[in-house]
Every structure is written in structure tokens, then in C-alpha cells.
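This report goes through one protein model, from its core to its charged side chains. Please keep the sequence and the coordinates open while reading.

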Amino acid sequence: MPKARAGKRPRQERREGRATGILFNTGAGQHILKNPLVVNSIVEKVIACEIDPRLVGELQKRVQGTCLANKLEIKVGDILKTDLPFFDACVANLPYQISSPFVFKLLLHRPFFRCAILMFQREFALRLVAKPGTKLYCRLSINTQLLARVDHLMKVGKNNFRPPPKVESSVVRIEPKNPPPPINFQEWDGLVRIAFVRKNKTLSAAFKSSAVEQLLDHNYRIHCSLHNTEIPENFKIAEKIQTVLKNTGYSEKRARSMDIDDFIRLLHGFNSEGIHFS
């Protein structure tokens, strides 16, 4: 059996290189899988969710009689009302109306998934990745970034769709933080919601809302009742709130410029004084 001479690539390797334009380095383990049947067998199962029965029927028609038919399961209905199964990766092109609730349905799903590749309207996608101090930074930004790493992958022009939408789109990658931060998300979101109602206001001003004071007073009295703590007759929740803001150094800060660590410190400051947000 003929052997390849030293310093020469075997004939088969040279033929593959000419066919692809790439000379693979087998010494570095570059053996490229070319059989699509093997790739298909690696993908164990695809679970799709679609609310439109017409599109469900079209998809079933396309895979009927193929090797893909027994690898596809379709759930018909509203994804927001559907119990998510165990999954490793999620791929979706989402309508604007359900973008935010779907993101948090994903991020609060257990067990953890590895990665989601999602297409959104451009502005929504940019809000997901916005940083403190930028125009689009908002409650959505900080809540998502608390729970996950988010990256903007690519822009998708509206002419790539049929019919073309009125706005541009973007694709983002979301990877949940595992383990998640040791924070009660309902507590966290309650604080962030108050701060971002008027993100350009100082926190001192934001917390002077009568609705906010009533909520926190109610929660504080429940906390004291549970811990057998007596509340002075002249107690005023407004004064206690402003004291916490001043002592933590956030009284004159604005939500638009605060990062995750800032809100963690502020939440701890409130909780340590018995003030809760959920």
C-alpha cells in the first residue's frame, strides 16, 4: 500500500482542499463533518411553538415523509401560556407585543438553558444591551443584565422579511447566569420599577410618591408584625425612606446612571432597615 512521502499531504486530503478552497490541518484535528445525515442525527428533538394553526399545518406538510418528521414536536398555542419543556437552546423571531414577557419567562425558567438566539425589533434589542448613562438604558436593560449575559449579534434589515415590517430588527444572544445572583427577583424588580418610573429624577424625588410611600409603609408594618417589632406612634415611612437613601449615598443619584452593583447596595440598605418591595 503506497505511503505518502514526508512533507507531502495525502492525495485525499489534497483533493478535499482543492474542492473547498481550504487546506485542512489534520495534525490540529481539522476533520470537517460533511455528512448532513450525521448532523441531523445529533439534533435529538426540536420543539416548536406556534399560535397560528395555518403555519402549523404548513410546517407539518413540509416535514411529512422526511427524516425530520419524528424529530419535530409542535405545540399549538400562546408561548406565554405554555409550560416550557426542558431545552438546551432556544431560537425565535418574536413579535414586539410579547418580547419583554417572553424574555423573562425564559430567564426565570428552570432548569437553566444554555443559550437563546432571539430576533427582536431593533430598539427593543438595543434596550436589552444598553449600559448605564445611555439613552436607551431602562428597567428592561438592568433586569435582563442581572440575570443573563446579553450580546448584540447582528442587524437584520426590514427587506429580509415578507411582508416587510415598518422597523428594522436585530439578533441577540442571551446566556443565563448560572448560578443566578443570590437576590429575590421580586424584591429587586419592585425597587427597580420605582426607580425607573422617572429615570431622570433623583431617587429622593422618585420615592416621595404617595403611592410608593403607601406601599412601603404597608410592607414595613407587615415586616414589623412578623418580627414582633414595635412601631413608634410618631413613625413616618417617608422619613425612614429618605434616611436610607441618604445613608447609602443614593439620595441624589438617578436611575439612568446606576448599575447593578448600585441597586444591589441600595436594596440591601432598604432590606436591612425592614423596608421591602414585595
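The sections below cover the nonpolar core, a strand-helix-strand unit, backbone exceptions and salt bridges. The model is a predicted one.

**Nonpolar core**

In soluble globular proteins, nonpolar side chains tend to be buried together. In this model the largest nonpolar core counts 59 residues. Those with the most contacts inside this core are Leu106, Leu118, Phe120, Ile174, Phe207, Phe263 and Phe270. The element that gives the most to this core is helix 7 (residues 185-197), with 7 residues.

Which residues does Leu106 touch, once its neighbours within four places in sequence are left aside? Its contacts are then Leu84, Phe87, Cys90, Phe113, Ala116 and Leu118.

**A β-α-β unit**

Strand 1 (residues 46-50) and strand 2 (residues 72-76) run parallel and are joined by 5 bridges. Glu50 has Val76 of strand 2 as its bridge partner. Together with helix 3 (residues 53-63), strand 1 and strand 2 make a β-α-β unit, and the unit is right-handed.

**Backbone exceptions**

Most residues other than glycine have a negative phi, and most peptide bonds are trans. Arg110 and Pro111 are joined by a cis peptide bond with omega of about 5°. Pro111 sits in the loop between helix 4 (99-107) and strand 4 (115-121). Another cis peptide bond joins Arg162 and Pro163, with omega of about -10°. Pro163 belongs to the loop between strand 5 (148-156) and strand 6 (169-176).

Asn228 is not a glycine, yet its phi is positive, at about 50°. This residue is found in the loop between helix 9 (210-226) and helix 10 (237-248). Is Asn228 buried or exposed? With a relative accessible area of 74%, Asn228 is exposed, because the cut-off for that class is over 50%.

Leu215 lies in helix 9 and is partly exposed, with a relative accessible area of 38%. In sequence, Leu215 and Ile237 are 22 residues apart, while their C-alpha atoms are 9.9 Å apart in space.

**Salt bridges**

Side chains of opposite charge can pair when their charged atoms come close. A search of the whole structure finds 14 salt bridges.

| Glu73 | Lys75 | 3.7 Å |

Arg265 and Asp262 both lie in helix 11 (residues 260-272), where they are 3 residues apart, about one turn of the helix. Arg265 is partly exposed, with a relative accessible area of 46%. Asp262, at 15% relative accessibility, counts as buried, because buried means under 20% relative accessible area.

How values were computed
Residues are numbered from 1 along each chain as its sequence is written. This is a predicted model: local features need pLDDT of at least 70, side-chain atom pairs count only at pLDDT 80 or more; totals for chains, interfaces and linings use all residues. Side-chain values use heavy atoms; hydrogens and water are left out. A nonpolar core is a set of buried Ala, Val, Leu, Ile, Met, Phe, Trp, Tyr and Cys residues joined through side-chain atoms within 4.5 Å. Buried means under 20% relative accessible area, exposed over 50%, partly exposed in between (1.4 Å probe, protein chains only). Helices (H or I, at least four residues) and strands (E, at least two) are DSSP runs, numbered from the N terminus. Contact means heavy atoms within 4.5 Å. Two strands pair if DSSP finds at least two bridges between them. A crossover is right-handed if, with the strands pointing away from the viewer, the path from the first strand over the helix to the second runs clockwise. A salt bridge is a side-chain nitrogen of Lys or Arg within 4 Å of a carboxyl oxygen of Asp or Glu.
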